[in-house]
Amino acid sequence: MAITSANQLELLQTAEAVAREKMIDPNLVVEAMEESLARAAKSRYGTEMDIRVAIDRKTGRATFTRVRTVVEEEDLENYQAEFTVEQAKQYMANPEVGQEFIEEVPPVEMGRIAAQSAKQVILQKVREAERDRQFEEFKDRAGTIINGLVKREEYGNVIVDVGAGEAILRRNEKIGRESYRPNDRIRVYIKDVRREQRGPQIFLSRTAPEFMAELFKMEVPEIYDGIIEIKAVARDPGSRAKIAVISYDGSIDPVGACVGMRGSRVQAVVNELQGEKIDIIPWNEDQPTFLVNALQPAEVSKVVLDEEAGKIEVVVPEEQLSLAIGRRGQNVRLASQLTGLDIDIMTEEQESARRQAEFELRTKLFVDNLDLDEFFAQLLVAEGFSNLEEVAYVEIDELLVIDGVDEDTAKELQARAQDVLEAQNKAALENARALGVEDSLVEFEGLTPQMIEALAKDDVKTLEDFATCADWELAGGWTTTDGERTKDDGVLEPFDLSLEEAQAMIMTARVMLGWVDPADLEADAEEDTAVEAEETEV
């Protein structure tokens, strides 16, 4: 691709040929040629000079110009490309700082080395233009399925030709022990498209849950049309999967539509996924009902949901336990991923034993602290009392419903419970102060002495320490990493502090310390209210 000044039209012809071949803008090629000619001219006239080249887009004529910029005397560094106001007066009528003096210089013939250099510049520019075009083409296709041709395999990763470039299917994104040979056709999901130093990187996947969802969209017209929606997908790639669907048309069964006539639709997806078994489950906004569906084919006796912890207990008959858990825990793991809940499975016998242990523990609490006999303590537990606070501060009428409890007995029970709690509070406060807790934290509204003691043991001893805490550090929470939910214990979690309560307390502390302006909080609250109102209207 040597460029000479003898044949000016050759520049434009070359630019158009390259642009057609690479499917890029011809202007980009011409700009690369201008840059390469400018480099060649600098090697002839001097690298310190500011030489610029402009190629006429119609005639192909290349104009070479030398540019000098007017600068302050103290800023003069490059004598070849800059001059002072005084020096500029020789060439310009009224020179000012920042103005440029442009003069045409004779064009240069490109020798062999200069031509080779120019070729490298043009190729580099063309490659950059190709990368930009490829990125623009694929950036909006992330989240879709594409057909490609296997080019080669490198260290377990498959390089796929996707038409306008190459993409990579990493080893951990392949199903099971899939292997491919060059020129095999492959259907893949575009997981991510990123612009990197060496060009756009297109990352493919066959294990992503979204891949299965897109396959169903291709096979089930009702999903494509929006009549049926896929609400959740959970996969153990190559082995088993669960997909939750809902129909917005009462006359259409979402499960039946996804299965198809004699299983034709679901079988097409199964074949593409190397025989992966798929459970199609009706989605339900009621979480316990949805979970019962998700644990199919196992039968569930009872479900107990703890919404704050995002945790659910499932009770199954003894003979259903292995079916509910599945091989190597597969069934319950997929159900957990599908529902977003942490699932504890137990048999009816295990649940009965656990309830008995809880009953005995609460009975012992009342026997030891309220000086009651075992029978009377059991009556309290049977009526639903689980701690001393409930006995101490409940409406007296709720104690009178217990057999054998009159008003005097109820008052005595409450007095005993209040005395015990007061003694416990006093001891907790003394322990906290011994650990170095300051009055600013002790006097903070909403914290009980036991809470303050727990905070002190966790090295939270001042209002400033408290204000720097995160809500989950106080109330606890859950972290999901690679599909696995991990429990984060909170300092005040044993006291049934919710995340919302923790957030409110931390923000109150920050306002008291002057870290947050209350006006900003009110503005945020009004904005949230407005957004909720808009969503409700929609």
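Two strands pair if DSSP finds at least two bridges between them. That definition applies to Arg235, which stands opposite Ala241 of strand β11. The model described here is predicted. The protein has 538 residues, and 39% of them count as buried. Its secondary structure comprises 22 helices and 17 strands.

**Overall picture**

- Taking contacts between residues at least 6 apart in sequence, 54% join residues at least 24 apart.
- The protein exposes about 30,800 Å², and carbon and sulfur atoms supply 46% of that area.

- Strand β11 covers residues 240-247, and eight of its eight residues are buried, so the strand is largely enclosed by the rest of the structure.
- In a regular strand the side chains alternate between the two faces of the sheet.
- On one side of β11 lie Arg240, Lys242, Ala244 and Ile246, and on the other lie Ala241, Ile243, Val245 and Ser247; both sets are buried, which leaves both faces covered.
- Strand β10 (residues 228-236) pairs with β11 in the antiparallel sense, over eight bridges.
- These two strands, β10 and β11, form a hairpin with three residues between them. Gly238, in the turn, has a positive phi of about 85 degrees.
- Strand β12 (residues 277-282) also pairs with β11, here in the parallel sense and over six bridges. In this pairing Arg240 stands opposite Lys277 of β12.

**Backbone features in loops**

- A cis peptide bond joins Gln296 and Pro297, with omega at about 10 degrees. Pro297 is in the loop between α9 (287-294) and β13 (302-306).
- Arg262 is not a glycine, yet its phi is positive, at about 55 degrees. Arg262 belongs to the loop between α7 (254-259) and α8 (264-272). With a relative accessible area of 85%, Arg262 is exposed.
- Asp459 is another residue other than glycine with a positive phi, near 70 degrees. The loop that holds Asp459 runs between α18 (449-457) and α19 (463-467). Asp459 counts as exposed because its relative accessibility is 55%, and exposed means over 50%.

**Salt bridges**

- A search of the whole structure finds 25 salt bridges.
- One of them joins Glu100 and Arg52, whose closest N and O atoms are 3.5 Å apart. This pair links distant parts of the chain, with Glu100 in strand β4 (residues 100-104) and Arg52 in strand β1 (residues 50-55), 48 residues apart. Glu100 is partly exposed at 39% relative accessible area, and Arg52 is partly exposed at 36%.
- Arg433 forms a salt bridge with Asp439, and the closest N and O atoms are 2.7 Å apart. Arg433 has a relative accessible area of 41% and is partly exposed. Asp439 is also partly exposed, at 40%.
- Lys457 and Glu453 meet through their side chains in a salt bridge of 3.8 Å, N to O. The two residues are separated by about one helical turn because they lie four residues apart in helix α18. Lys457 is exposed, with 62% relative accessible area, whereas Glu453 is buried, with 13%.
- Elsewhere, salt bridges that share partners join Lys151, Arg152, Glu154 and Glu166 into one network.

Key. Residues are numbered from 1 along each chain as its sequence is written. This is a predicted model: local features need pLDDT of at least 70, side-chain atom pairs count only at pLDDT 80 or more; totals for chains, interfaces and linings use all residues. Side-chain values use heavy atoms; hydrogens and water are left out. Buried means under 20% relative accessible area, exposed over 50%, partly exposed in between (1.4 Å probe, protein chains only). Contact means heavy atoms within 4.5 Å. Accessible areas come from the Shrake-Rupley method with a 1.4 Å probe; for residues, only the protein chains shown count as cover. A salt bridge is a side-chain nitrogen of Lys or Arg within 4 Å of a carboxyl oxygen of Asp or Glu.
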